[in-house]
Amino acid sequence: MATLNNKSILNNKSILNNKNFGGKPAFAQPDKNILFAEARAIKAHFPISGMSCASCVVHVQSALSKQPGVTNATVNLATATASVEYLPSVTNPEKLKNAVNEAGYELIIEEKDDAEIETIHNEHLSELKKNWMLSLIFAIPLVAIAMFFHTMPYAEYIMWALSTPIVFIFGKQFFVDAWKQAKHLSCNMDTLVALSTGTAYLFSVFNTLYTSFGTNKGLDLHAYFEVSGVVIAFVLLGRYLEDKAKKGTATAIKQLIGLQPETATVVKNGQFAETPIKEIQTGDEIVVKPGEKIAVDGKIVKGNSFIDESMISGEPLPVEKGEGEKVFAGTINQTGSFHFVAEKVGKNTLLGQIIKMVQEAQGSQAPIQKTVDKISGIFIPIIGMIAIITFFAWFFLAESNGFTQGLLSMVTVLVIACPCALGLATPTAIMVGIGKGAANGILIKGAEALEKTREATAIVLDKTGTITEGKPHVTNIKWFAEATPELKNILYSIESYSEHPLADAIKEHLNGEARLYKDAATTTIPGRGILGEVKGEKYFIGNIKMTEEQGIIFKQEEKEWIESETNNSNSIALFTGTTSLLAIIAIADTIKPTSLEAIEKMKSQGLKVYMLTGDSKRSANLIANQVGIDEEYVKASMLPSQKAEFIKKLKDNGEIVAMVGDGINDSGALAIADVSIAMGKGSDIAMDVAQITIISSDLNKLPQAINLSKATVRTIRQNLFWAFIYNIIGVPIAAGILYPIDGFLLNPMIAGAAMALSSVSVVTNSLLLKAKKI
């Protein structure tokens, strides 16, 4: 399935001077006063078939990168996908497909939905399972004859008959793929398998048909049909277990897709109609009953309920929703029934965007993978050279049977060498890590961010919306008249008609204990507040100036209360009649319940925690003291440009900086930080710039993200260690390095089993990451 999105590459020197444009600028010369044309690059994701090891990744990536118009190409073995950015005016998917086909692989450009791709993967897995099981059925008697009954009449011919279907039917794909690679003067894992098993098979056929040839020359030659048969059986078993395990690393995407119901109840012409979600359009009215999943994003128009949003936000408690509030696809309605109008459908829903982000992130490459790919690119040619050297070393240096032992040792070297484990070490861990993050409400856009987060030495938090709730709340209300229901109704009614930002806080505070007088009349007084008239009486809600202008003189108690609240950085709204002060309302942006705990955790992780804000120094220090941030790490009265400059200064001082923000004003600082993190309830621009998004806006997710990064990188290093150690130790032993010491020679069949086990162990280690607590 090819998925597309546009990316602007205006004035990008790497594009303008790309070799694909002949090394010349593609647009006007920079010294001319002419506007540059804007090139629009398309980013597409394509499934790839035929890849079996890290060398395959290098070949496909190289084939795509060499195409004119391709600005970036990354290939992922674990997901079997290619992510390609290209200029549509220069190339197209058909040309990309031809380039990959010429390299011996297949790039699928036809649009396929997730179900179709899943079906293809399942069919491939079923075919692998069938082939390894059938090969094993033939391999068991083959080994039995070779070990216990090799002296029986026609033993060689029976083994020939048993090994032939294994090699040419069940193991056919190895030879087909190896031939494809040979035609393009390249090689991969299939080349090693085909060379080793093919050599053993042909050598055995020759010895069976021409027994006297070796005898006449004084050579003790035997048939080794069991080597070719059993090695292919083990490799097929390894491929099956490996692919099955890789499928397990992609469970995060399947779980996310599984959150979507297949149908929804749509109101059509006054009737309820069960409708597939693919047919739902924006504007449709949908009914949701208790226990049902919500199909698309929308806004409630009738009814209310508690909704379980844990699968989207990671928060366990259900959220109460009523008319006018938004609901999201994949969440579960719990108690009541309601009607909502669809606003976003299909891939445009929040869940659809999360799925897309996770898919792109799991297909991305970690920086460490680039080094592994370079090693993988030369791995197989080096193994080929070692195998040839092994053969000739045995042939010339062995006291007897040099040819036979050299051939068997060469086959063993080719069999045991495993670039698969190298190729899977990084992408499988990245897939599991990003999937685990998504399941915990942490959306990570790419492998680089996941790898880099653990390196952060300083974390910079924006105050408003990150440490605090980001919206005003009533923190205190002091009545200087009797707080009768009537006065509360009047206050609530006047504020209900106000457009002032603080009015919402007062309405929210009184909601449920006051009722609306619909006949209330209001007039806004700019710079002062609002005048309301209820039942013929005038009331004022505003600032101190407005109250003083009404001729009201403050009493000492009232002055002290106002001073106390303003010292705590609260905004003040005064509710008065025509002659006296009725109440003072203190309003502030309150600190999130989890902020203090999260900041303590980050400090315990060794991070320097900074806070940036556009607020005054006094307000900033007050918040910082409550959450445990030292005043020396607080920067107040900062403009957006100053935030970005501060991040740059920290980086210049050697800090690796993670920036956390939620607003448009944070986007510049987010863009310049080493790791950028946006709060999910913030602006779309901040989330677009950020590499990581915390869906629930809970700061406790930040230390979790850091722990996840550490655990993932630790898993990658473990995988690479075992993959390298396996080859470093296994190849010399296969070549016979221990033979002069203790006479030990590794059996090619054991080598085949070890090779299969190495790949499976790497993928299994990655899957263990799922169980780790972050």
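Here are a few questions and answers about the predicted model above.

Guide: Residues are numbered from 1 along each chain as its sequence is written, and side-chain values use heavy atoms, leaving out hydrogens and water. Because this is a predicted model, local features need pLDDT of at least 70 and side-chain atom pairs pLDDT 80 or more, while totals for chains, interfaces and linings use all residues.

Visitor: What pLDDT does the chain average?
Guide: pLDDT is the predictor's confidence in each residue, from 0 to 100. Over residues 1–38 it is below 50, though 83% of the residues score at least 70. The chain average is 80.

Visitor: How are the planes of Y157 and W160 arranged: stacked, edge-to-face or tilted?
Guide: Rings of Phe, Tyr and Trp (its six-membered ring) pair if their centres lie within 6.5 Å; planes under 30 degrees apart are stacked, over 60 edge-to-face, and the rest tilted. Y157 and W160 both sit in helix α5 (residues 155–170), 3 residues apart. Their centres are 6.2 Å apart with 35 degrees between the planes, and the pair is tilted.

Visitor: Is Y610 buried or exposed?
Guide: Buried means under 20% relative accessible area, exposed over 50%, and partly exposed in between (1.4 Å probe, protein chains only). Y610 pairs edge-to-face with Y633, and Y633 is partly exposed at 21%. At 9%, Y610 is buried.

Visitor: Which residue follows α23?
Guide: Helices (H or I, at least four residues) are DSSP runs, numbered from the N terminus. α23 covers residues 617–627. The residue after α23 has a positive phi, near 85 degrees, and is G628.

Key: Contact = heavy atoms within 4.5 Å. Helix = DSSP H or I, 4+ residues; strand = E, 2+ residues; numbered from the N terminus.
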